[in-house]
Each structure stands twice: as C-alpha cells, then as structure tokens.
Amino acid sequence: MEDKSDIEILREFAKSTNRLIEVKELLYPRTGIRTTRKYKRMVYMPNNPEKTSFFIWFNDPYSNSKIGQTTIFSGAFIPLSTKIKSNLKIRNRYILDKLNLFAKTKDNKIGNGQFDSRVLISGTLDAETKRLLSSSKIQKQILMALEIEKYFNISINQYSIDFVPELNKNPNFSIINRQGWEIDKKNIEKMFSRIEKIREMIH
C-alpha cells in the first residue's frame, strides 16, 4: 500500500474539520535539462466560513530558474492594513546570535528589552509596523507562536501569496514553517489558533 501524499493528507484533514481546501498544481514542461515531472503546488485552506485566516502550503522547484532553487513553505496567514510596508522576519534568538558581535547588519529593536532579547528581527521596519509590534499583548502571542516549534518564524510581507484571492491585495502577517510543508494536524490547529488571537488584537 502506497503512502499518502501530503496533498491527500491535507484533503482528509480539511474534510475531517469541515474546512474548504483549494489545490492548484502546475506541471512544468520537460526540457533537455528537466527530465522528470515537476509541479508547482499551491494549496490553501480558510480557517472558517468567514475566511478570517488561511493556512497556505507552497512548493515551487524552479522558483529561481537560474540556480534551480526550490521555494517551499507553509503557514497561517492573516491580512494587514495597507499602511504596513515592512518586510520582516522574526525568529527565536539563539546563543550564537548573542555571540555574533560583528554581524554585518544590525537587527531591529522594538524597545521592549525582554522581547528584544528573545527574538531576532531582520528586514525593513517602518513606523506603522513598529507601532504594531510594540503592543505587549501581540509580543506575547508572537513568543507563544515561536514556541510551537523552535524553527517557526513570524513573517510580515515576505512571501508572494497572490494565488489566494482574499490575501492578494493586502500586506500579510504569518506564522511560518520555512523548512517544508506542515502536515501535523495539532500544529496546524495551534497555528490557526495563535494567528486568530493576533488578528483579534490587531483589528
């Protein structure tokens, strides 16, 4: 008996939780270089009928055709105000980060010493986003999101998700697995729950 594919697992999960799921698969043509069948896969699932948040899975084996780099990620997303212009990644801060005194670029600081000491914020930070991240309640939710799995990140406007109609016109905030497709049902529900709490605090 063959193992189920990730998409089959996600379809079953959506059905078991009474959620909708959209799956798009685009086949890359075979060439002299590309001899195997490769697909660009885009999957998304609204959390509820109101579509207040979405879980997205994306995999493109040829996102950078010059070097054959694969882009793969998954995560829970919510839309943000159009005033947000930042492009940010927030991750857990590790001991090596604290020891790296000669980093070429300085990470951003929000102004809360306890929060700043626990996370590393890289990218562009505008005033509107800093105001958003300065909320102690949102900071608490971010830290709790990063505890779901140590390799998870928080992302603001780092990913192109224009294949989701409800998210293609706004900036976005997400809890991200940058290492692959998250198919653990408990983690998906935890990410949905946490992103909804953040959404409620923002709006």
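**Exercise 1. Salt bridges across the chain**

Task: How many salt bridges does a search of the whole structure find, and which residue does Glu189 meet in one of them?

Solution. Searching the whole structure turns up seven salt bridges. Keep in mind as you click around that this is a predicted model.

Step 1: start at Glu189. The Glu189 side chain meets that of Arg19 in a salt bridge, 3.0 Å from N to O.

Step 2: check the surroundings. Glu189 has 30% relative accessibility and counts as partly exposed. Arg19 comes out at 15%, which counts as buried, because the cut-off for buried is under 20%.

**Exercise 2. Two more bridges to compare**

Task: Which residue forms a salt bridge with Arg41, and where do Arg131 and Glu128 lie?

Solution. Take the strand pair, then the helix pair.

Step 1: Arg41 bridges to Glu25, with the closest N and O atoms 2.5 Å apart. That links distant parts of the chain: Arg41 is in strand E2 (residues 39-46) and Glu25 in strand E1, 16 residues apart.

Step 2: go to Arg131 and Glu128, whose side chains meet in a salt bridge at 2.6 Å, N to O. These two are three residues apart in helix H4 (residues 127-133), so about one helical turn separates them.

Step 3: Arg131 has 53% and counts as exposed, since exposed means over 50%. Glu128 has a relative accessible area of 28% and is partly exposed.

**Exercise 3. Aromatic pairs**

Task: How many aromatic pairs are found in the whole structure, and why does the pair of Phe73 and Tyr159 count as tilted?

Solution. The search gives nine aromatic pairs.

Step 1: get the geometry. The ring centres of Phe73 and Tyr159 are 4.3 Å apart and the planes make an angle of 45°, so the pair is tilted. The reasoning is that planes under 30 degrees apart would be stacked and those over 60 edge-to-face.

Step 2: find the two residues. Phe73 belongs to strand E4 (residues 69-79) and Tyr159 to the loop between strand E7 (152-156) and strand E8 (172-177), so the pair ties together parts 86 residues apart in sequence. Both Phe73 and Tyr159 are buried.

Step 3: contrast that with Tyr151 and Phe152, an edge-to-face pair with 5.2 Å between centres and 85° between planes. Tyr151 is partly exposed, at 32% relative accessible area, whereas Phe152 is buried, at 0%.

Step 4: zoom out. Ring pairs join Tyr44, Phe54, Phe58, Phe73, Phe77, Tyr159 and Phe163 into a cluster.

**Exercise 4. Positive phi**

Task: What is the phi of Lys51, and where does Lys51 lie?

Solution. Begin with the background.

Step 1: most residues other than glycine have a negative phi.

Step 2: the phi of Lys51 is near 55°, a positive value in a residue that isn't glycine. Lys51 is in the loop between E2 and strand E3 (54-64), and at 36% relative accessibility it counts as partly exposed.

Step 3: Asn157 is another case, with a positive phi near 60°. You'll find Asn157 in the loop between E7 and E8.

**Exercise 5. Packed helices**

Task: Are H5 and H6 roughly parallel or roughly antiparallel to each other?

Solution. Work from the axes to the residues.

Step 1: helix H5 (residues 136-146) and H6 pack at about 170°, with axes 10 Å apart. H5 and H6 are therefore roughly antiparallel, the cut-off being over 145 degrees.

Step 2: list the contact. H5 brings Lys137, Ile138, Gln141, Met144 and Ala145, and H6 brings Arg194, Lys197, Ile198, Met201 and Ile202. By class, that gives six nonpolar, one polar and three charged residues.

Step 3: pick out Met144 of helix H5. Met144 is partly exposed, with a relative accessible area of 31%. From Met144 to Met191 it is 47 residues in sequence and 10.0 Å in space, C-alpha to C-alpha.

Technical notes. Residues are numbered from 1 along each chain as its sequence is written. This is a predicted model: local features need pLDDT of at least 70, side-chain atom pairs count only at pLDDT 80 or more; totals for chains, interfaces and linings use all residues. Side-chain values use heavy atoms; hydrogens and water are left out. Rings of Phe, Tyr and Trp (its six-membered ring) pair if their centres lie within 6.5 Å; planes under 30 degrees apart count as stacked, over 60 as edge-to-face and the rest as tilted. Helices (H or I, at least four residues) and strands (E, at least two) are DSSP runs, numbered from the N terminus. Buried means under 20% relative accessible area, exposed over 50%, partly exposed in between (1.4 Å probe, protein chains only). A salt bridge is a side-chain nitrogen of Lys or Arg within 4 Å of a carboxyl oxygen of Asp or Glu. Axes are lines fitted to C-alpha atoms, for helices over the stretch in contact, and angles run from 0 to 180 degrees between N-to-C directions. Angles under 35 degrees count as roughly parallel, over 145 as roughly antiparallel, 65 to 115 as roughly perpendicular and the rest as oblique. Contact means heavy atoms within 4.5 Å. Ala, Val, Leu, Ile, Met, Phe, Trp, Tyr, Cys and Pro count as nonpolar, Asp, Glu, Lys and Arg as charged, and the others, Gly among them, as polar.
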